Amino acid sequence: MVDIVDTNKKALDFDNQIAAQDDTFPMLSVLAADGAIVDETAVKRAELDDDDLINIMKRMLLSRQLDIRSTKLAKQGRFGFFAPTAGQEASQMASSYAFNDDDWLMPGYRDIPQIIVKGWPIWKAILWSRGHVLGNVFTTADDKPVNSWMPQIIIGAQYVEAAGIALGLKKRQKDAVVYAYTGDGGTSQGDFYEGINFAGAYQANAVFFVQNNGYAISTPRRLQTAAKHLAAKGWAAGIPSLVVDGNDPIAMYLAAKEARTWATSGKGPVLIEAITDRLEPHSTAGDDPLRYRTQDDIDAWWQKEPLIRMRKYITTKGIWDQEKEDAYIAEVNTLIDEQIKIADNVPKQKISDFVKNTLEVPSYAMSEQIKRFESEGK
Amino acid sequence: MATKSYIDAVREAMDLALEKDNDVLIFGEDVGKNGGVFRATDGLQAKYGEDRVFNTPLAESGIGGLAIGLTTQNYRPVMEIQFFGFVFEVMDSIAGQMARNRFRFNGTRQMPIVVRAPYGGGTKTPEMHADNLEGMVSQIPGIRVVMPANPADAKGLLLSAIDSNDPVVFLENLHLYRSLKGEVPEGYYTTPLDKAAVAREGSDVSIISYGGGVPVALKAAETLAKSNISAEVLDLRTVSPLDIESIGATVAKTGRVVVVQEAQRMAGIGANVMSEISERFILNLKAPIGRVAAPDSVYPFGQAENDWMIKADDVVAKVMEVVNYD
């Protein structure tokens, strides 16, 4: 017999509901900030061999070098808009390592590195940043399609579109998922909820990442919501949701891998909240983090950043050393130099092409404009 | 040819599109078992299955995102917004995303999406159900806005819209759904997008309208004929982009123009037509262009609707002004 008096008492115990939020989402953590393994079982479950570990390290280093070079180039005026990624290498590069070429990526504007490791050449990323349309053609250097959308500018729009891709993959019975990224601020947007809710309602093939990096430009995470965990928003949509140490590459990979398995098995989407930090400004367009956070806070997060622990872990394992790292960084820098040259030499954009690309079948007025701009060589 | 209602023609188009192409999907709020709140999709789920005709959760932006995402898997989504007044909730998907994608991806991606929605007054709906918002969506490069005025065009234009690789906002007149019947050709056919049609031939004055304005214009033309004024009625059919050639042809023919729209005067299509005429055909004009439009207030509460909406008498009066101008 249900004790209705007791049930009613529980239903009305708001204090308890608030308190219960604290324990609901324990953080998945495998590799501590000092590089020590804190959960051997989880390491086994991740099934990463030495090559995988080196690949993840290299991808994270690639991302860090791109960040360093892009920030420098932006200061010299040779780059356009750039959203720094330092500190988020695990939440971006270790998570995306769990996905295949057949999977669809829905990136936010800070998620450029994940597209690059899908085969989108760096010169296109540079063009995207500079504002050239060829940066929005998602193909490999040898013109094979890359299953990625453009880095989304409208916060949350990638989530509703991800639900559509997820449903499409399910309808086509593909062994593939869509994986979408947003930030802590993104979870306040209506599209965030509509996206996870649609994907949940259709039990569609999606893995949603929230990179909780502490700040939406200047607004701290605590001002976004009264929810104690952003992952709790996934529960509102009835989907498995977890909190992961977003600076822990092994934990991020493990969470992504298991979420992908779940989502491809027809059980529906998963939401992963990665706790990380944006160590640098929001963008290279004049943001100064010291207007809204302290240097001490930033310094403390630098001690916890993912490269330090990954480097220690694989060095201790005997599969990595400073020489290897220096050699790889040199390789990346040569590659970036080459890619900048390619980007510098693409043809100028034409207004006539813009009008042509707006509709497959141009209107009367558009045809007039195409003719005019072509005659002017524009 | 059989006589059919506007809504039956809309349903028949979707039926034929589903039959012709397995990649066509129809979805929106209540479009499944219920067949839509106006029965536009009645019976389609039973005929084609829940995989192809299905309900969505109640969120317009989600519906728009779903459509865009489904195109990546080579589907041709026909999404319904239950009332066009709810479009504000899905403006990013329409204006910020689907309209821009072909351009944005340098022509490497297509957006074969149809956004169907009923619009327009005359049925005493609650607020936000009846507004004419076509002017707003007609300001967006990269998307077509199609507004059929009769059952035959509703069917042929909807089939063209579904066939198009460009996104189309397809606006169906709520008042005409059941009140307007007309001859509808059998079977699959398409009516060209971006092409206006002469709904009634005339020689003294051109009444240029679209959607729910066309029956009003035709009624006015009927009245004017009794006073020996021969009015041509041009039905724009696609309101963005405009069929400038057909507009030019009727202006050249009559030299006198009245534009008629159900939307507020400030809101759009009529102004676009007038500016094209001013820019291109002004020397053909024998009189200033007349305009009949709703007042520049917010769409009124139901009981005041009849007083607020444009009527055939308003068109007749404006035509008399334009015809008598010397």
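Select chain A and chain B together and look at where they meet: 41 residues of chain A are in contact with 44 residues of chain B. Keep in mind that this is a predicted model. The size of an interface is often given as the accessible area lost when the parts come together. Between chain A and chain B about 3,700 Å² is buried, and carbon and sulfur atoms give 58% of that area.

Next, look for links across this interface. Three salt bridges are found between chain A and chain B. To see one of them, select Arg172(A) and Asp23(B), whose side chains meet at 3.0 Å, N to O. There are also 22 residue pairs in polar contact across the interface of chain A and chain B, both residues being at pLDDT 80 or more.

Now hide chain B and colour the side of chain A that touches it. The elements giving two or more residues to this side are helices H8 (157-171), H9 (190-201), H15 (351-358) and H16 (364-375) of chain A. Start with H8(A), which gives the most, with 10 residues. Colour this side of chain A by residue class, and it divides into 23 nonpolar, nine polar and nine charged residues.

Stay with chain A and select Gln211(A), which has its place in strand E4 (residues 206-212). Is Gln211(A) buried or exposed? Its relative accessible area is 4%, which is under the 20% cut-off, so Gln211(A) counts as buried. Show the side chain of Asp111(A) as well: the side chain of Gln211(A) makes a polar contact with it at 2.8 Å. Leaving aside residues up to four places away in sequence, Gln211(A) touches several others, including Gln88(A), Gln114(A), Tyr181(A), Asp184(A) and Ala274(A).

The last stops are aromatic rings. Over all chains, the structure holds 23 aromatic pairs. Phe81(A) lies in the loop between helix H4 (50-75) and helix H5 (89-96), and Tyr109(A) in the loop between strand E2 (104-106) and helix H6 (112-116), so the pair ties together parts of chain A that are 28 residues apart in sequence. Phe81(A) is partly exposed, at 32% relative accessibility, whereas Tyr109(A) is buried, at 18%.

Finally, bring chain B back. Which residues form one aromatic cluster with Tyr6(B)? Select Phe38(B), Phe83(B), Phe86(B) and Tyr177(B) to complete the cluster.

Definitions and conventions:
Residues numbered from 1 in each chain as written. Chains lettered and ligands numbered in written order. Predicted model: local features only at pLDDT ≥ 70, side-chain atom pairs only at ≥ 80, totals over all residues. Heavy atoms only, no water. Contact = heavy atoms within 4.5 Å. Buried area = accessible area lost by both parts, 1.4 Å probe. Salt bridge = Lys/Arg side-chain N within 4 Å of Asp/Glu carboxyl O. Polar contact = N/O pair within 3.5 Å; in protein donor to acceptor, adjacent residues only side chain to side chain. Helix = DSSP H or I, 4+ residues; strand = E, 2+ residues; numbered from the N terminus. Nonpolar A, V, L, I, M, F, W, Y, C, P; charged D, E, K, R; others polar. Buried < 20%, exposed > 50% of the residue type's maximum accessible area, 1.4 Å probe, protein only. Phe/Tyr/Trp six-rings, centres within 6.5 Å; stacked < 30°, edge-to-face > 60°.
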